[in-house]
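These are my notebook entries on one protein model. I looked up the strands, the domains and the ligands in turn.

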Amino acid sequence: MKYLGIETEKVRIGVFDFTGCEGCELQLANKEGTLVSFLDLLEVVNFREISSERGDNYDVALVEGAISRDNEIERLKQIREKAKVLVAIGSCACFGGVNYLKNRFSMENVVNEVYGEHKVETRRVQSIGEVVKVDLEIPGCPVSKEEVERIVVDLVTGADIKFPKYPVCIECRQKLNTCVFDLGKICLGPITRAGCGAVCPSSKVGCLGCRGPAEDANYDSFRQIALDHGFTAPRIEEKLKFFNALGAALQK
Ligand code: SF4
Ligand code: SF4
Ligand code: SF4
């Protein structure tokens with residue numbers, strides 16, 4: 001059996017991190033209940049958080065984090081050259097994520113204001129796909145561990161890879177949650193792709209769109225709903241841009 005040209009008997013996997021909080025990797029490493037059977041499908045040749053192996057003979061590279069330093073570009077290109085399939089995991093890798101907020105300022109200001117006398121080299125943030133070819137993106141901040149496992153198993157078995165097309169609101173309503181708009185908070189659930197189990201609104205926190213757009217997301221309608229609930233246009237745009245996950249869609 002093959003997927004994207006890979007023989008799928010026991011896929012060799014490497015997990016790598018760039019600029020991010022490593023929360024996505026931690027999601028994978030933390031899944032004690034299914035970790036053993038999940039890893040049974042794979043040969044982990046490089047995954048700093050769980051293994052001392054440092055092999056570079058991986059078929060699939062899972063890449064977490066955004067690119068924010070010059071030396072990360074070279075390292076990412078090397079990983080791309082070695083991997084047959086490169087998967088961006090998490091909103092930092094897929095869209096730039098929270099790191100993208102930095103791009104609102106000049107890098108000179110960032111270095112001066114944040115690091116003061118302890119200067120560091122930093123650059124405008126880029127998603128993984130802005131630097132190298134990405135075969136698959138699994139968004140989320142953090143990723144859903146169930147979703148990553150399901151997709152990696154699909155990769156290994158050659159099954160079709162599917163993401164929910166419907167919005168977070170569907171999952172939220174299934175849980176019979178009180179809508180956070182009715183609690184005076186803004187929520188991007190109507191336009192954001194489901195798959196996280198509506199974890200934020202279930203904790204009475206508005207969705208910030210970390211998983212990117214739902215299919216057929218209607219931004220104008222969403223803006224009108226938010227305006228009708230008393231939110232100002234600048235506040236709405238600020239929320240829409242938070243993870244840079246809706247950025248491309250917003251520019252259409
Ligand atoms: S996507 Fe979120 S959880 Fe994952 S590395 Fe970035 S900030 Fe951390
Ligand atoms: S809380 Fe958010 S996700 Fe839930 S129903 Fe309201 S808008 Fe939709
Ligand atoms: S509710 Fe929204 S912000 Fe929260 S995890 Fe789900 S998609 Fe991301």
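**Entry 1: strand β3**

I began with β3 and found that six of its seven residues are buried, so the strand is mostly covered. I note that the model is a predicted one.

I then looked up the partners of β3. With β4 it pairs in the parallel sense over five bridges, and in this pairing I found Val 15 opposite Phe 47 of β4. With β5, strand β3 also pairs in the parallel sense, over five bridges. There Gly 14 stands opposite Ala 61 of β5.

I recalled the general rule that the strands of a sheet pair through backbone hydrogen bonds, in a parallel or an antiparallel way.

**Entry 2: the whole sheet**

In what order do the strands of the open sheet lie? I read the order as β4-β3-β5-β6-β7, five strands with parallel pairing. The edges are formed by β4 (42-47) and β7 (136-138), each of which pairs on one side only.

Val 87 has Leu 136 in β7 opposite it. Next I asked which strands helix α6 touches. Helix α6 (residues 145-157) packs on the sheet and touches β3 (11-17), β5 (60-64), β6 and β7. I recorded an angle of about 155 degrees between the direction of this helix and that of β7.

**Entry 3: the two domains**

I consulted the domain assignment, which gives domain 1 as 2-157 and domain 2 as 168-251. Over C-alpha atoms, the centres of the two domains are separated by 25 Å. I found eleven residues of domain 1 in contact with nine residues of domain 2. On the side of domain 1 that touches domain 2, I noted five nonpolar residues, five polar residues and one charged residue.

**Entry 4: ligand 1**

How many residues surround ligand 1? I found 14, and the closest are Gly 20, Gly 23, Gly 90, Cys 92 and Cys 141. Helices α1 (23-29) and α4 (91-95) each supply at least two residues of this shell. By class, I recorded six nonpolar, six polar and two charged residues around ligand 1.

**Entry 5: ligand 2**

For ligand 2 I again looked up the surroundings and found 14 residues. The closest are Cys 169, Cys 172, Cys 179, Cys 187 and Gly 189. Which helix gives the most to the shell around ligand 2? It is α7 (residues 168-174), with four residues. I divided the shell around ligand 2 by class into eleven nonpolar residues, two polar residues and one charged residue.

**Entry 6: ligand 3**

Lastly I turned to ligand 3, which 13 residues surround. The closest are Cys 196, Cys 200, Cys 207, Cys 210 and Arg 211. Helix α8 (residues 199-202) provides the largest share of this shell, three residues. I noted the classes around ligand 3 as ten nonpolar, two polar and one charged.

Conventions:
Residues numbered from 1 in each chain as written. Chains lettered and ligands numbered in written order. Predicted model: local features only at pLDDT ≥ 70, side-chain atom pairs only at ≥ 80, totals over all residues. Domains from an automatic or database assignment. Contact = placed C-beta atoms within 7 Å. Nonpolar A, V, L, I, M, F, W, Y, C, P; charged D, E, K, R; others polar. Near = placed C-beta within 6 Å. Pairing = 2+ DSSP bridges. Axes fitted to C-alpha atoms, helices over the stretch in contact; angles between N-to-C directions. Buried ≥ 20, exposed ≤ 12 C-beta atoms within 10 Å, placed from the backbone.
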